[in-house]
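Hello,

Here is the structure for your set. My notes on the ligand site and a few backbone points follow.

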Amino acid sequence: MTAPKSSVASSVPHILVLHGPNLNLLGAREPEVYGHDSLADINARLDCLAQATGALCLSFQSNSEGALIDFIHAAPQKGIGFIVINPGGLTHSSVALRDALSGVALPFIEVHLSNIHAREPFRHRSMLADQAVGVIAGLGVRGYEFAVMWALEYLQKRS
Ligand code: CA2
């Protein structure tokens with residue numbers, strides 16, 4: 001007997017990759033800081049990585065704090081088991097984003113393309129980092145890949 005579609009989907013590990021404000025500009029501006037890859041390039045690579053292990057990688061970018069928070073709130077109903085997030089500039093200011101992540105209680109890794117600790121002092125503080133499973137900064141696009149690989153291992157061990 002064929003299993004109902006919903007139970008097939010829920011057995012597949014789901015990772016959510018969230019990109020915060022201005023990251024839609026990747027590849028077009030400031031390549032010396034953020035690299036040459038566009039957001040579409042990054043998402044496609046992460047999607048391939050997840051699919052190679054039979055998982056699903058859902059990506060979402062917004063310039064709006066509220067839209068990111070709404071997406072985080074909906075994550076458990078979408079079957080998401082892990083979040084990889086580059087909160088962009090909201091990293092350094094957003095108590096609301098921190099509260100949303102704590103609210104859904106999903107494990108997450110914080111990723112930054114640049115090494116925020118080697119930049120201006122206001123970028124050294126993260127509102128989310130102490131709640132994260134881990135933080136990756138300064139490894140460019142590879143940082144997202146490492147985070148997704150770690151998330152895949154984490155979800156496989158827990159299934
Ligand atoms: O290094 C990172 O990934 C950051 O999260 C990027 C944020 C910055 O505010 C954080 O301190 C560190 C900025 C995202 C803006 O992205 C742009 C990409 C291309 C051109 C202009 C901005």
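The ligand is surrounded by 17 residues, a residue being near if one of its heavy atoms lies within 4 Å of the molecule. The closest are Asn-86, His-92, Leu-113, Ser-114 and Arg-123. By class, this shell has seven nonpolar, seven polar and three charged residues. Here Ala, Val, Leu, Ile, Met, Phe, Trp, Tyr, Cys and Pro count as nonpolar, Asp, Glu, Lys and Arg as charged, and the others, Gly among them, as polar.

This is a predicted model: local features need pLDDT of at least 70, side-chain atom pairs count only at pLDDT 80 or more, and totals for chains, interfaces and linings use all residues. Residues are numbered from 1 along each chain as its sequence is written, and side-chain values use heavy atoms, with hydrogens and water left out.

The ligand sits in the largest pocket. A pocket is an open set of points on a 1 Å grid over the protein atoms alone, where a 1.4 Å probe fits, with protein on both sides within 12 Å along at least five of seven lines. Sitting in it means that more than half of the molecule's atoms lie within 2 Å of its grid points.

Now the backbone. Most residues other than glycine have a negative phi. Which phi values are positive in a residue other than glycine? Glu-30 has a phi near 45 degrees, and Ala-105 has one near 55 degrees. Glu-30 is in the loop between strand S1 (14-19) and helix H2 (31-34). Ala-105 is in the loop between helix H5 (95-104) and strand S4 (108-112). Helices (H or I, at least four residues) and strands (E, at least two) are DSSP runs, numbered from the N terminus.

Glu-30 is partly exposed, at 42% relative accessible area. Ala-105 is exposed, at 61%. The cut-offs are under 20% for buried and over 50% for exposed, with partly exposed in between (1.4 Å probe, protein chains only).

Lastly, Gly-134 is in strand S5 (residues 134-137). Gly-134 counts as partly exposed because its relative accessibility is 23%. Gly-134 and Pro-107 are 27 residues apart in sequence and 9.4 Å apart in space, C-alpha to C-alpha.

Best wishes

Note on methods: On a 1 Å grid over the protein atoms alone, a cavity is a set of points where a 1.4 Å probe fits but cannot get out, and a pocket is an open set with protein on both sides within 12 Å along at least five of seven lines; lining residues have an atom within 4 Å of a point.
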